[in-house]
Amino acid sequence: MSTPEKYFIDKDIKVVCVKASSFPRGIGEAYHKLGSVLPASEQRKFYGISYPDKNGSIIYRAAANQLHEGEAEELGLETFTIRKGEYISEFLEDWKKDETQIGKTFQRLLSDPRVDKKQGYCLEIYPNAKDVRCMVILDSSITGH
């Protein structure tokens, strides 16, 4: 278990995404579908975005950065904008050894009183195939960013 640290995203990131049919069961299938539609690229970063709907059920989107304007429409995918701003985060190495650590990490991060409770979401950034950075956006009215 690492110590939460601040992480700053300096500009909005437009991503293309596939909504999981269910949470957490449909996550793997959503990434598989996304990977099968996207052209392979060295510049591609993968993300996971999750947040509760009005009824409290979790909506999860497997996502990747959009490489050019209109790419989502060309591929028939949804879009989402990862907002610039200050996040609280933890970096998990080799997360597949214990997949439950992602959920536990988000529970800890979400307990931070500075979390954006109105428009916030949980964000996973996958820098490679085995590590993940778990992040939650902070409320800019509290942090000043």
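Start with helix 1 (residues 27-37), where Ile-27, Ala-30 and Leu-34 are buried. Buried means under 20% relative accessible area, exposed means over 50%, and partly exposed lies in between (1.4 Å probe, protein chains only). Helices (H or I, at least four residues) and strands (E, at least two) are DSSP runs, numbered from the N terminus. Seen down the axis of helix 1, the buried residues fall within an arc of 60°, so they line one face of the helix. That arc is taken from the directions from the helix axis to the C-beta atoms. An α-helix has 3.6 residues a turn, so residues three or four places apart point the same way.

This is a predicted model: local features need pLDDT of at least 70, side-chain atom pairs count only at pLDDT 80 or more, and totals for chains, interfaces and linings use all residues. Residues are numbered from 1 along each chain as its sequence is written, and side-chain values use heavy atoms, with hydrogens and water left out.

What does the buried side of helix 1 pack against? Its buried residues meet strand 2 (13-19), strand 3 (46-52) and strand 4 (58-65). Contact here means heavy atoms within 4.5 Å. The face turned away from the buried side carries the exposed residues Gly-28, Glu-29, His-32 and Ser-36.

Now look for empty space. Rolling a probe the size of a water molecule over the atoms shows where empty space is left. The largest pocket has a volume of about 1100 Å³. A pocket is an open set of points on a 1 Å grid over the protein atoms alone, with protein on both sides within 12 Å along at least five of seven lines; lining residues have an atom within 4 Å of a point. Grid points are joined across faces, edges and corners, and the volume is the space filled by probe spheres set on the points.

The largest pocket is lined by 39 residues. Ser-50, Tyr-60, Ile-102, Phe-106 and Glu-124 lie nearest its centre. Helix 1, strand 3, strand 4, strand 5 (78-82), helix 3 (100-110) and strand 7 (122-126) each supply at least two lining residues. Helix 3 gives the largest share, 5 residues. The lining divides into 21 nonpolar, 9 polar and 9 charged residues. Ala, Val, Leu, Ile, Met, Phe, Trp, Tyr, Cys and Pro count as nonpolar, Asp, Glu, Lys and Arg as charged, and the others, Gly among them, as polar.

Next come the charged pairs. A search of the whole structure finds 10 salt bridges. In a salt bridge, a side-chain nitrogen of Lys or Arg is within 4 Å of a carboxyl oxygen of Asp or Glu.

One of them joins Arg-83 and Asp-116, with the closest N and O atoms 2.9 Å apart. Arg-83 sits in the loop between strand 5 and strand 6 (85-92), and Asp-116 in the loop between helix 3 and strand 7, 33 residues apart. Arg-83 is partly exposed at 24%, while Asp-116 is buried at 10%.

Arg-108 pairs with Glu-90, the closest N and O atoms being 3.0 Å apart. Arg-108 lies in helix 3 and Glu-90 in strand 6, so the pair ties together parts 18 residues apart in sequence. Glu-90 is buried, with a relative accessible area of 0%.

Finish with the backbone. The peptide bond from Phe-23 to Pro-24 is cis, with omega near 0°. Pro-24 is in the loop between strand 2 and helix 1. Asp-94 has a positive phi, near 50°, and lies in the loop between strand 6 and helix 3.

How values were computed. 1 Å grid on protein atoms, 1.4 Å probe; cavity = no way out; pocket = protein on both sides within 12 Å on 5 of 7 lines; lining within 4 Å.
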